[in-house]
Amino acid sequence: MIGIIFVLHGRKNKLSVANFSGIEAATKHLTLPYEIGLLEGEHQTLEMAIQSLLSRQVSEIIFLPVLLFPATHANEDLPKRAQKALNKQVPYQILPTLGTTHAVEKFLLQQVTSVKDSRAEVLLIAHGTPHYQEPFKQLAQIASKLERQLGRRVYPADYYGEHPYLPILEKHSEPMIIQRLFLTEGYLARKIKNNIIEHRGAQDILLPTMQDSAALVSAILERLTPYI
């Protein structure tokens with residue numbers, strides 16, 4: 001019997017339940033046992049989730065990172081901690097992150113086209129990282145595809161890393177449609193929103209993140225298609 005672990009970012013100082021409802025909605029389509037494991041914090045940890053499934057005699061564990069892009073958490077923390085906690089007791093597999101799913105692509109298209117009477121250019125802002133190239137490469141591919149679908153410019157940018165969003169805004173005095181491509185309306189997403197309003201006032205259209213969205217449920221189910 002296969003077990004599924006939904007791996008979330010979590011928070012160091014408290015139990016974060018952001019997107020738990022989305023996971024619960026997705027699991028209604030599952031018949032396999034599952035757990036939620038958090039990478040940060042002391043509650044509902046990844047190791048607790050692994051031990052829970054092992055106690056239920058699963059023969060394999062599938063880890064689904066409920067993260068958008070493959071950076072340090074997905075590439076380093078998750079595999080190292082999974083390998084250590086499992087200690088070769090059962091085989092395991094780590095699925096790709098969610099950013100490249102059709103569900104995320106559809107979400108972005110719907111978000112932008114929901115802005116009526118606007119042909120403003122679009123700015124996609126992701127978390128970013130200075131340590132890996134792949135996250136921005138994926139973001140740029142998403143932006144390029146969205147640009148073709150919309151017929152207008154879509155700029156990919158990050159908060160961290162080599163592709164900051166503020167220089168793009170500085171070159172655009174006109175209003176923009178800004179999509180913060182985050183899974184939660186957390187500290188960093190709010191900080192970006194506040195920074196933009198502080199620098200530019202309320203002229204831009206700031207779209208909501210993916211937190212607890214139907215698109216998140218769809219992205220999760222898309223990755224889990226072989227197990228449903």
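**Where the domains meet**

Guide: Let's start with charge pairing: between domain 1 and domain 2 the count of salt bridges is zero. Bear in mind that this is a predicted model. Domain 1 covers 1-96 + 212-223, while domain 2 takes in 100-205. Taken over C-alpha atoms, their centres sit 27 Å apart.

As for who touches whom, 17 residues of domain 1 are in contact with 19 residues of domain 2. Together the two domains bury about 1,500 Å² between them, and 69% of that is on carbon and sulfur atoms. On the domain 1 side, L68, F69 and E222 lose the most area to domain 2, together accounting for 41% of what that side buries.

Now for the largest pocket, since both domains have a hand in it: domain 1 and domain 2 each supply at least three of its lining residues. Its volume comes to about 1,400 Å³. The lining counts 49 residues, and H9, H73, H127, F182 and L188 are the ones nearest the pocket's centre. Elements giving two or more residues to that lining are strand 1 (2-10), strand 2 (34-40), helix 3 (72-86), helix 5 (134-150) and helix 7 (187-200). Sort the pocket lining by class and you get 22 nonpolar residues, 17 polar and ten charged.

So much for the tour: look for L68, F69 and E222 on the domain 1 side of the interface, then find H9, H73, H127, F182 and L188 around the pocket's centre.

Key: Residues are numbered from 1 along each chain as its sequence is written. This is a predicted model: local features need pLDDT of at least 70, side-chain atom pairs count only at pLDDT 80 or more; totals for chains, interfaces and linings use all residues. Side-chain values use heavy atoms; hydrogens and water are left out. On a 1 Å grid over the protein atoms alone, a cavity is a set of points where a 1.4 Å probe fits but cannot get out, and a pocket is an open set with protein on both sides within 12 Å along at least five of seven lines; lining residues have an atom within 4 Å of a point. Grid points are joined across faces, edges and corners, and a volume is the space filled by probe spheres set on the points. Helices (H or I, at least four residues) and strands (E, at least two) are DSSP runs, numbered from the N terminus. Ala, Val, Leu, Ile, Met, Phe, Trp, Tyr, Cys and Pro count as nonpolar, Asp, Glu, Lys and Arg as charged, and the others, Gly among them, as polar. Domain bounds come from an automatic or database domain assignment. Contact means heavy atoms within 4.5 Å. Buried area is the accessible area (1.4 Å probe) that two parts lose on being put together, summed over both. A salt bridge is a side-chain nitrogen of Lys or Arg within 4 Å of a carboxyl oxygen of Asp or Glu.
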